[in-house]
Amino acid sequence: MGAIGTILIVVGFIVGNFSGYMLSNKKAMRDSNGAIIKSKEVMFAAIIAISAIMILVGQYIVVAPNSYTHPY
């Protein structure tokens, strides 16, 4: 299970960074007239949110099995 969590963390990080780059790239976010394309803006923002959830789930999968302590 730890490997799946690590994969989720790494993939979520890479996808989130790529989407953040695309949001900041003026050429990718504008149409031929120079206007901002709202659908792309919303799509990349949603991808960033999904990748953040992927990172959190991956952290939970990696850490949760090791977080229980046994007092005996």
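## Helices, a salt bridge and a surface patch

Lysine 27 has its place in helix H2, which covers residues 26–29. In this structure, which is a predicted model, lysine 27 counts as exposed because its relative accessible area is 77%, above the 50% that the term requires. Computed along the chain in residues, lysine 27 and valine 15 are 12 apart, while their C-alpha atoms are 19 Å apart in space.

Valine 15 belongs to another helix, H1, which spans residues 2–24. With a relative accessibility of 31%, valine 15 counts as partly exposed, a term used for values between the 20% limit for buried and the 50% limit for exposed. Together with Ile7 and Val11, Val15 makes a nonpolar surface patch of about 220 Å². Isoleucine 9 also lies in helix H1, and isoleucine 9 is partly exposed, given its relative accessible area of 26%.

Helix H1 can next be considered together with helix H3. Two packed helices are described by the distance between their axes and by the angle between those axes. Helix H3 covers residues 38–63, and the axes of H1 and H3 come within 7 Å of each other and cross at roughly 160°. Because of that angle, H1 is roughly antiparallel to H3, a description that applies to angles over 145 degrees. The crossing in which H1 passes H3 is left-handed.

How many salt bridges are counted in the model? The count comes to one, and the salt bridge is formed by glutamate 41 with lysine 38, whose closest N and O atoms are 3.4 Å apart. Glutamate 41 and lysine 38 are three residues apart in helix H3, so about one helical turn separates them. Lysine 38 is exposed, since its relative accessible area is 55%, whereas glutamate 41, with a relative accessible area of 30%, is partly exposed.

Alanine 35 lies in the loop between H2 and H3, and with a relative accessible area of 38% alanine 35 is partly exposed. Alanine 64 is found in the segment after H3. Is alanine 64 buried or exposed? At 10% relative accessibility alanine 64 counts as buried, because the term applies to values under 20%.

| Pair | Apart in sequence | C-alpha to C-alpha |
|---|---|---|
| Alanine 64 and glycine 2 | 62 residues | 9.8 Å |
| Alanine 35 and isoleucine 47 | 12 residues | 21 Å |
| Isoleucine 9 and leucine 23 | 14 residues | 21 Å |

Read together with the placements above, alanine 64, in the segment after H3, is 62 residues from glycine 2 in sequence, yet their C-alpha atoms are 9.8 Å apart. For isoleucine 9, in helix H1, a separation of 14 residues from leucine 23 goes with a C-alpha distance of 21 Å.

Definitions and conventions. Residues numbered from 1 in each chain as written. Predicted model: local features only at pLDDT ≥ 70, side-chain atom pairs only at ≥ 80, totals over all residues. Heavy atoms only, no water. Patch = residues over 30% accessible without salt bridge, like charges linked within 9 Å, V, L, I, M, F, W, Y side chains within 5 Å. Areas by Shrake-Rupley, 256 points an atom, 1.4 Å probe, with all protein chains shown as cover. Salt bridge = Lys/Arg side-chain N within 4 Å of Asp/Glu carboxyl O. Helix = DSSP H or I, 4+ residues; strand = E, 2+ residues; numbered from the N terminus. Buried < 20%, exposed > 50% of the residue type's maximum accessible area, 1.4 Å probe, protein only. Axes fitted to C-alpha atoms, helices over the stretch in contact; angles between N-to-C directions. Parallel < 35°, antiparallel > 145°, perpendicular 65-115°, else oblique. Left-handed = near helix turned anticlockwise from the far one by under 90°.
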